[in-house]
Amino acid sequence: METRDLWAGYFFNAFDRYRRFLRQPGRWLYVPWPDCPCCDPVEARDELEAALRALPHEARAELRRVLAPLDDEFRRRTLHDPKASSISPWHAAAWWRQRLDER
């Protein structure tokens, strides 16, 4: 198996986890505790952001186009945590890390 295929599978898995989180029923979603990386939409979104940085321009634009409605849904169905950006530089670096979790 080529390295390219491994990366494609890795990022498809992240995309699928992010999409599955957003398919949950209900008006509001809370980011789950980070004890389950296979279910964590924040980790999945981090992986997708890494893909965006690594991809060539055309592929990056296509991934952004596909992610845009999912990101809009994530913003719409989760609530902003006004204290999150003060927790750490890691939280402050990305909008999806600044959503309320289940704690």
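Okay, let's start with a pair: Asp71 and Arg45 form a salt bridge, and their closest N and O atoms are 2.9 Å apart. By salt bridge I mean a side-chain nitrogen of Lys or Arg within 4 Å of a carboxyl oxygen of Asp or Glu. This one ties together distant parts of the chain, with Asp71 in helix α3 and Arg45 in helix α2, 26 residues apart. Both partners are buried, where buried is under 20% relative accessible area, exposed is over 50%, and partly exposed is in between (1.4 Å probe, protein chains only).

Quick caveats. This is a predicted model, so local features need pLDDT of at least 70 and side-chain atom pairs count only at pLDDT 80 or more, while totals for chains, interfaces and linings use all residues. Residues are numbered from 1 along each chain as its sequence is written, and side-chain values use heavy atoms, with hydrogens and water left out.

Now the fold. We've got four helices and zero strands; helices (H or I, at least four residues) and strands (E, at least two) are DSSP runs, numbered from the N terminus. Of the 103 residues, 35% are buried.

Back to salt bridges, of which the structure holds 10. Another one joins Arg97 and Asp46, at 2.8 Å from N to O. Again it spans the chain: Arg97 sits in the segment after α4, Asp46 in helix α2, 51 residues apart. Arg97 counts as buried because its relative accessibility is 14%, and Asp46 is buried too, at 18%.

Arg97 also touches His91, a residue of helix α4 (residues 89–92). Besides Arg97, and leaving aside neighbours within four places in sequence, His91 contacts Ala84, Ser85 and Gln98, contact meaning heavy atoms within 4.5 Å.

For a local example, take Asp16 and Arg19, bridged at 3.1 Å between the closest N and O atoms. They both lie in helix α1, three residues apart, about one turn of the helix.

So what's in the middle? The largest nonpolar core has 19 residues, and Tyr18, Leu48 and Phe74 are among those with the most contacts inside it. A nonpolar core here is a set of buried Ala, Val, Leu, Ile, Met, Phe, Trp, Tyr and Cys residues joined through side-chain atoms within 4.5 Å. Helices α1, α2 and α3 (57–77) each give two or more residues to this core, and α1 gives the most, with six. Leu48's contacts, again skipping neighbours within four places, include Phe11, Tyr18 and Leu67.
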